[in-house]
Amino acid sequence: MLLLLCFMPDSPRFLISKGKDEKALQALVWLRGPNTAYRGEFQRIKESVLKANRSLTCAELSDPYYYKPILIAVFMRCLQQLSGINPILTYLEPIFNKTKVILKGGYDAALVGLVRLVSVLVAAGVMDKAGRKILLFTSSSLMFASSLAMGLYVHFTVDVKRNSTNLTFTANDPFDHVDPTNYLGIIPLVCIMLYILGYAFGWGPVTWLLMSEILPLKARGTASGLCVMVSWLTGFVLTEAFLPVVNAFNLETPFYFFAIICVCCIIFTYFCVPETKGRTLEQIESYFRTGRRSFIK
């Protein structure tokens, strides 16, 4: 990262805010290419930066132009964490041990990591072509199906009367008890891989992108910090609560909860999240300022 940052210019918006218009033009040419008509974009950026230079007042925060995109970004970060990604990744091996996944030697976790990598690469390639909302819908649907299937699998196959529900790491081979002919053990692996595929395809990368696009420029620094704080606090609380919930009830309970959250993600995306594909930051800000949906289709 340090090496690559040596070749990276400051953003045109930052340079304009510091009064370095010439360097801002050079950075814009570097980012867009020399054959791009960039002067119109430069003027639009300069006008929006000049408007945003004035400090934000408390009265302005009551304006829907400011609080609506901030609330959308905060709720997206909260829903992203509540969907269960952190506890699932944290307790991946104990979950597989408990559900008797048939693969040995940690190949199950390696497969999950591979799926996550491929999913992010695919999402990066189609995000600007398919749009943000369709990826969020697809992501939520995949996570819902996998969470529900995982909960049902645990409910109907894991013997909670004879086996402890505690999720713990053991020094011994955790797969000694696994029957290699029990092919149902592939179901939890498929469910988790499908969940990771869905998360990495939409709610993982898209929420970060949308946060940077919809937050108003004047409040972007403070609002971004708020979103990140809410995100990791939610993830911490959920991860800490995962084991107590499993031990008090059963492993199926958190997966049913994740399924419900995924339904909330679908509803929230439909009613609250704007489509920002192909829109400039100025157009997105105009959408929240005027409330006219014609700015973002």
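Start at Ile260, which lies in helix H14, residues 252-272. The model is a predicted one. Ile260 is exposed, and its relative accessible area is 52%. That value counts as exposed because the cut-off is over 50%. Along the chain, Ile260 and Phe144 are 116 residues apart, yet their C-alpha atoms are separated by 7.5 Å.

Now turn to the partner helix. H6 covers residues 64-82, which makes 19 residues. At 1.5 Å a residue, H6 should span 27 Å. Just after H6 comes Gly84, with a positive phi of about 105°.

How do H6 and H14 meet? Their axes come within 9 Å and cross at roughly 155°. Angles over 145 degrees count as roughly antiparallel, so H6 and H14 are roughly antiparallel to each other. The crossing is left-handed. From H6, the contact is made by Ile72, Phe75, Met76, Leu79 and Leu82. H14 contributes Phe257, Phe258, Ile261, Cys264, Cys265, Phe268 and Cys272. The residues of this contact divide into twelve nonpolar, no polar and no charged.

An α-helix has 3.6 residues a turn, so residues three or four places apart point the same way.

Note on methods
Residues are numbered from 1 along each chain as its sequence is written. This is a predicted model: local features need pLDDT of at least 70, side-chain atom pairs count only at pLDDT 80 or more; totals for chains, interfaces and linings use all residues. Side-chain values use heavy atoms; hydrogens and water are left out. Helices (H or I, at least four residues) and strands (E, at least two) are DSSP runs, numbered from the N terminus. The expected span of a helix is 1.5 Å times one less than its number of residues. Buried means under 20% relative accessible area, exposed over 50%, partly exposed in between (1.4 Å probe, protein chains only). Axes are lines fitted to C-alpha atoms, for helices over the stretch in contact, and angles run from 0 to 180 degrees between N-to-C directions. Angles under 35 degrees count as roughly parallel, over 145 as roughly antiparallel, 65 to 115 as roughly perpendicular and the rest as oblique. A crossing is left-handed if the near helix is turned anticlockwise from the far one by less than a right angle, and right-handed if clockwise. Contact means heavy atoms within 4.5 Å. Ala, Val, Leu, Ile, Met, Phe, Trp, Tyr, Cys and Pro count as nonpolar, Asp, Glu, Lys and Arg as charged, and the others, Gly among them, as polar.
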